[in-house]
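Look through the sequence and the structure before reading the points.

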Amino acid sequence: QTVFVLEVDLNNDAYNINFLKTQNDTVSAIGRKNRAIAAINACYEMDATYVRTNGYNWPEYTISLASDHLRFWKHEAAIVGDGKRKVGIVHGAKGTKNVTEGGIQAKKMYPELTEKNIFSSSPMLIDDYAPVGSSFVPEYLTNMSDSELKKAYDGEDYRTHQGVRHPRTAVALTDDNDLLLIVVDGRNPKAAGMSARELTLFIHKHFNPRWALNMDGGGSSTMYIKGLGDPVTNVLNYPTDNKKVDHYGQRRICSHILVTKK
């Protein structure tokens with residue numbers, strides 16, 4: 001595995017955490033345009049996600065899927081913030097019995113939140129230190145191979161989507177108010193990627209944060225840090241959208257989490 005982690009001290013008033021919704025563009029391009037120190041990808045596709053930036057609820061990002069839709073599970077939790085240094089992770093589906101009930105509860109909750117910025121995603125990996133993401137995919141399926149899972153369920157079914165190894169992006173919050181931005185490489189000979197269970201246990205073991213949330217992954221997973229990584233893109237990981245093992249396979253996306261200097 002190859003894993004990149006950026007630790008941001010939220011007690012340091014020199015930095016802000018920005019939630020940005022844009023026209024489709026690469027993480028590195030958005031990072032440069034906004035003079036960010038660092039940036040990662042954020043949400044899943046628009047119809048499965050709830051997005052609020054700077055107090056504005058984006059109409060096309062209000063979870064338009066029906067509750068029986070295959071991708072309705074993709075918004076069970078959210079990272080929220082004030083656009084400065086106050087950041088939280090909300091488990092919108094907490095206490096529900098299945099992904100459908102969780103999606104319904106979370107969808108009702110997000111419009112009632114008062115935070116200026118909301119990016120929903122799924123699954124919740126760690127909830128008040130509990131590694132809940134390790135059981136997001138039912139335990140009886142964890143012994144199945146990636147190929148067996150892909151044969152058994154549609155690729156957008158939560159059991160395959162989160163049970164199979166892919167590149168991953170995650171965010172985590174520690175008890176001493178650090179924000180961790182995490183990108184896991186995959187789909188290349190040197191990095192297999194992780195399932196949701198593996199990512200949960202990895203984060204729990206090495207960082208023991210109080211909260212952690214999986215963001216969009218696969219071809220979207222990208223970490224940009226100004227002055228580091230590839231000399232042209234400043235991308236640290238190996239995005240896979242071009243199906244090559246290089247730093248130029250970034251997917252054009254429209255939601256980003258940025259670290260900027262005040």
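The largest cavity is lined by Trp73, Glu76, Val99, Gly102, Gly103, Ser122 and Phe136. On a 1 Å grid over the protein atoms alone, a cavity is a set of points where a 1.4 Å probe fits but cannot get out, and lining residues have an atom within 4 Å of a point. This is a predicted model: local features need pLDDT of at least 70, side-chain atom pairs count only at pLDDT 80 or more, and totals for chains, interfaces and linings use all residues. Residues are numbered from 1 along each chain as its sequence is written, and side-chain values use heavy atoms, with hydrogens and water left out.

**Cavity**
- The volume of the largest cavity is about 30 Å³, where a volume is the space filled by probe spheres set on grid points joined across faces, edges and corners.
- Its lining has three nonpolar, three polar and one charged residue. Ala, Val, Leu, Ile, Met, Phe, Trp, Tyr, Cys and Pro count as nonpolar, Asp, Glu, Lys and Arg as charged, and the others, Gly among them, as polar.

**Helix α2**
- Helix α2 spans residues 99–109, and Gly102, Gly103 and Ala106 in this helix are buried. Buried means under 20% relative accessible area, exposed over 50%, and partly exposed in between (1.4 Å probe, protein chains only). Helices are DSSP runs of H or I with at least four residues, strands are runs of E with at least two, and both are numbered from the N terminus.

**Pockets**
- The largest pocket holds about 430 Å³ of space. A pocket is an open set of grid points with protein on both sides within 12 Å along at least five of seven lines.
- Its lining has 28 residues, and Tyr44, Glu45, Asp216, Ser220 and Arg251 lie nearest the centre.
- Helix α4 (158–163) and strand β14 (253–261) each supply at least two residues of this lining.
- The second largest pocket has a volume of about 280 Å³. Among its 16 lining residues, Glu76, Asn98, Val99, Ser135 and Phe136 are the closest to its centre.

**Aromatic rings**
- The whole structure has seven aromatic pairs. Rings of Phe, Tyr and Trp (its six-membered ring) pair if their centres lie within 6.5 Å; planes under 30 degrees apart count as stacked, over 60 as edge-to-face and the rest as tilted.
- The ring centres of Tyr56 and Trp58 are 5.0 Å apart with planes at 90°, so this pair is edge-to-face.
- Tyr44, Trp73, Phe136 and Tyr158 are linked into a cluster by ring pairs.
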